[in-house]
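These are my notebook entries on a single chain. I begin with a question about an aromatic pair and then turn to the overall fold and the annotated spans.

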Amino acid sequence: MAVGKKPGEESGAEAPSLWERMERPAPTPRTSLTLDRIAAAAVEIADEEGGAAVTMRRLATKLGVAPMAAYRHVGGKDDLWALMIDRVSRDLAVPEGTTDWREVLRSYALQTRELMLAHPWMAAMPTPVIMLTPSRMAVAERQLAALTVCGLDADSVMAAFRAVTSFVHGSAQTEIAMRDYQERNGWTSGDETRQALAPQMRYLVSTGRYPTFEQYALNASRKDDRAWEFEFGLDCVLDGIAQRLGI
């Protein structure tokens, strides 16, 4: 394969997409290496060692092949990330027969948070990589269809879908970042984290400039209940969509 060209790319011709190649009937293979096997190995590495550990050389070692063998199947890091996202997203689904737009979007939101917490490397993925895979497109299609039957125009459907998606990904990314920060510092609980940061917090509060935040710090009872916080915020977003669009 020429340097800079993706698998199957010919001079002057558009190369078939990763997903087109994946769905083509395969000829008798010369090797046991497949895109699905590559994806499974990459996910295992990322889950065990972090997303930064997923390199072609590390992947080839895990698969027991030469690095160039992997390059013959995957054109680069974006293709590899896309395969990983698609693989872990395959099981996202809502029960058959569920048609209410709110139930559909809420179910996918809750599942996506759990998926990202289980595979924290997803938080670093570029948005196009996350969305443009068969599994993720199927998830989007189900949600868009649930909104479309409400009689909304195409722009409103997409804007509502993106509002929920942005909330989900932003909230999960923040939760993962905080968890990573605590782990790097050896803090195992919210109480330990607050104790470690107490000197900074005491000074800031003592200035008298943040009375509302001080009341939160003194009176809040769910500081560490991330699931409750996520669901509360999600319901606020869904309530806003329902109110604004009259659905």
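**Entry 1: an aromatic pair**

By about how much of a helix are Phe213 and Tyr216 separated in helix H11? I found them 3 residues apart in helix H11 (residues 211–219), so about one helical turn separates Phe213 and Tyr216. Helices here are DSSP runs of H or I with at least four residues, strands are runs of E with at least two, and both are numbered from the N terminus.

I note that this is a predicted model, in which local features need pLDDT of at least 70 and side-chain atom pairs count only at pLDDT 80 or more, while totals for chains, interfaces and linings use all residues. Residues are numbered from 1 along each chain as its sequence is written, and side-chain values use heavy atoms, with hydrogens and water left out.

I counted 4 aromatic pairs in the structure. Phe213 and Tyr216 form a tilted one, with 5.7 Å centre to centre and 55 degrees between the planes. Rings of Phe, Tyr and Trp (its six-membered ring) pair if their centres lie within 6.5 Å; planes under 30 degrees apart are stacked, over 60 edge-to-face, and the rest tilted. Phe213 has 44% relative accessibility and therefore counts as partly exposed; Tyr216, at 38%, also counts as partly exposed. The cut-offs are under 20% relative accessible area for buried, over 50% for exposed, and partly exposed in between (1.4 Å probe, protein chains only).

**Entry 2: the chain as a whole**

I looked up the secondary structure and found 12 helices and 0 strands. The C-alpha trace spans about 70 × 50 × 35 Å along its principal axes. Of the 247 residues, 37% count as buried. Among contacts between residues at least 6 apart in sequence, 67% join residues at least 24 apart; contact means heavy atoms within 4.5 Å.

**Entry 3: annotated spans**

UniProt, in an unreviewed entry, places "domain: HTH tetR-type" at residues 32–92. I find that span to be 66% helix and 0% strand, with its end C-alpha atoms 28 Å apart. The record also lists residues 55–74 as "DNA-binding region" (unreviewed entry). Residues 55–74 are 65% helix and 0% strand, and their end C-alpha atoms are 12 Å apart. UniProt positions are given in the numbering used here, feature names are shortened, and annotations may be inferred rather than shown by experiment.

**Entry 4: helices H2 and H5**

The axes of helix H2 (residues 35–49) and helix H5 (residues 77–88) come within 9 Å and cross at roughly 85 degrees. H2 is therefore roughly perpendicular to H5, a term for angles of 65 to 115 degrees; under 35 is roughly parallel, over 145 roughly antiparallel, and the rest oblique. Residues making the contact include Asp36 and Val43 of H2, and Arg87 and Val88 of H5.

Asp36 lies in helix H2 and, at 31% relative accessibility, counts as partly exposed. Not counting residues up to four places away in sequence, Asp36 touches Met22, Arg87 and Arg90.

I located His119 in the loop between helix H6 (101–118) and helix H7 (127–131). His119 counts as buried because its relative accessibility is 14%. With residues up to four places away in sequence not counted, His119 touches Val43, Asp47 and Val88.

Note on methods
Axes are lines fitted to C-alpha atoms, for helices over the stretch in contact, and angles run from 0 to 180 degrees between N-to-C directions.
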